Amino acid sequence: MGGIEDHIDVYEKKEDIRGLKSERVNKDSDIFKVRDEVFDQSTRLTIFKLMNNGYIESLSGEIATGKEANVFYGKNRDGKEIAVKIYRIATSNFNKMYSYLVGDPRFYYTKKDKRSTVFTWAKREFKNLKIASEVINVPKPIIARNNVLIMEFLGKNMKPYPPLKEIKAKNPEKEFDTIIESITKLYDTGLVHADLSEYNILMGKKIYFIDFAQGTIKNSIMAQDFLKRDVENITKYFSNYMDVPNPDETLRGILNE
Ligand SMILES: Nc1ncnc2c1ncn2[C@@H]1O[C@H](COP(=O)(O)OP(=O)(O)O)[C@@H](O)[C@H]1O
Ligand SMILES: [Mg+2]
């Protein structure tokens with residue numbers, strides 16, 4: 001024996017310690033102090049394998065808790081900073097996720113059960129990041145395994161760059177143009193973000209789009225509607241700071257009509 005499962009059993013017994021916040025967690029000790037709903041047994045196994053393969057050396061504080069996922073700060077074996085996004089299996093709204101997935105021809109054949117849906121969701125974000133990273137600024141995807149996605153960490157001093165929402169637009173015209181240009185480049189390469197807003201844009205040295213799990217290829221049924229919504233969200237946000245062009249006009253520009 002002496003396999004991974006043995007280790008997992010040992011870790012299981014440590015489960016009563018809860019409440020990870022910002023202390024360093026490493027592979028020998030503390031990884032499973034966190035909440036059960038994130039680190040269920042299969043997720044622990046996935047993380048454990050990623051640790052054995054060097055993709056994760058350490059995990060520290062939780063960066064964000066979202067509707068479907070929790071994001072953690074970590075480092076890989078080479079000391080490179082990573083963001084580890086863990087999609088919760090238990091508490092996800094998988095019916096909604098499933099309906100979003102199968103509208104995308106790439107994932108039409110996804111099995112309709114919770115695990116398949118959540119795993120495919122993580123894989124979809126990974127694939128979308130891969131496509132997007134060729135043409136715009138996004139966190140570089142490293143690996144997706146089951147419900148865990150590892151990507152480049154975007155931030156400073158272990159803190160993510162702030163979202164557009166929290167930053168007073170310094171040069172709104174320029175930022176607006178850059179964002180529309182990124183939407184256009186993404187569309188030209190065949191992808192629509194589909195969940196774009198001031199929350200899913202991080203403002204570092206560059207402007208980064210994040211959160212690509214809903215991203216859909218442009219010949220899926222809903223792609224045009226999603227594109228329109230993305231443009232409207234961005235236009236609405238910037239209308240607080242500048243005279244914005246009519247979103248339909250911007251849309252025509254993106255579609256090259
Ligand atoms: N690659 C990353 N680098 C740094 N922080 C990140 C990264 N990805 C996500 N985050 C942080 O986690 C938050 C939630 O991530 P996001 O992908 O938008 O998930 P959700 O689906 O929960 O909205 C972001 O607002 C950001 O603060
Ligand atoms: Mg988000």
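Tutor: Two residues are in contact if their C-beta atoms, placed from the backbone, lie within 7 Å. The structure discussed here is a predicted model, and the contacts are computed from its coordinates.

Student: Which residues are in contact with Ile 179, leaving aside its neighbours within four places in sequence?

Tutor: By that criterion, Ile 179 contacts Ile 201, Ile 207 and Ile 234. Ile 179 itself belongs to helix α5, which spans residues 172-188. Its C-alpha atom is 8.9 Å from that of Ile 201, a residue 22 places away along the chain.

Student: What makes Ile 179 count as buried?

Tutor: Ile 179 has 23 C-beta neighbours inside 10 Å. A residue is buried if 20 or more other C-beta atoms lie within that distance, and therefore Ile 179 is classed as buried.

Student: Why does Leu 191 count as buried?

Tutor: The count for Leu 191 is 24 C-beta neighbours inside 10 Å. Since the threshold is 20 or more, Leu 191 qualifies as buried. This residue is part of strand β9, residues 191-192.

Student: Which residues does Leu 191 touch, not counting residues up to four places away in sequence?

Tutor: Leu 191 touches Asn 128, Ile 131, Ala 132, Leu 186, Gly 215, Ile 217 and Lys 218. As for Asn 219, which is 28 residues from Leu 191 along the chain, the two C-alpha atoms are separated by 8.9 Å.

Student: Why is Met 158 called partly exposed?

Tutor: Met 158 has 13 other C-beta atoms within 10 Å. A residue is exposed at 12 or fewer and buried at 20 or more; the value of 13 lies in between, so Met 158 is partly exposed. Met 158 sits in the loop between β7 (155-156) and β8 (159-160). Although not a glycine, Met 158 has a positive phi of about 65 degrees.

Student: What makes Asn 256 count as exposed?

Tutor: Asn 256 has 8 C-beta neighbours inside 10 Å. The limit for an exposed residue is 12 or fewer, so Asn 256 meets it. Its place is in the segment after α7 (247-255). Asn 256 is another non-glycine residue with a positive phi, here of about 60 degrees.

Student: How do you know that β6 is largely enclosed by the rest of the structure?

Tutor: Four of the five residues of β6 are buried, and therefore the strand is described as largely enclosed.

Student: In what sense do β2 and β3 pair?

Tutor: The pairing of β2 and β3 is antiparallel and extends over five bridges. Ala 64 faces Val 71 across this pair, and a hairpin of three residues joins β2 to β3.

Student: How do you know where ligand 1 lies relative to domain 1 (10-156) and domain 2 (162-255)?

Tutor: Both domains give residues to the shell around ligand 1, so the ligand lies between them. The shell holds 19 residues, the closest being Ala 64, Gly 66, Pro 139, Pro 160 and Asp 211. β2 (58-65), β3 (69-75) and β6 (148-152) each contribute at least two residues. By type, the shell comprises twelve nonpolar, three polar and four charged residues.

Student: What pLDDT does the protein average?

Tutor: The average is 87, and 86% of the residues score at least 70. Over residues 1-29, however, the pLDDT is below 50, and this stretch has 33 contacts in the model beyond near neighbours in sequence.

Conventions: Residues numbered from 1 in each chain as written. Chains lettered and ligands numbered in written order. Predicted model: local features only at pLDDT ≥ 70, side-chain atom pairs only at ≥ 80, totals over all residues. Near = placed C-beta within 6 Å. Nonpolar A, V, L, I, M, F, W, Y, C, P; charged D, E, K, R; others polar. Domains from an automatic or database assignment. pLDDT = per-residue confidence, 0-100. Pairing = 2+ DSSP bridges.
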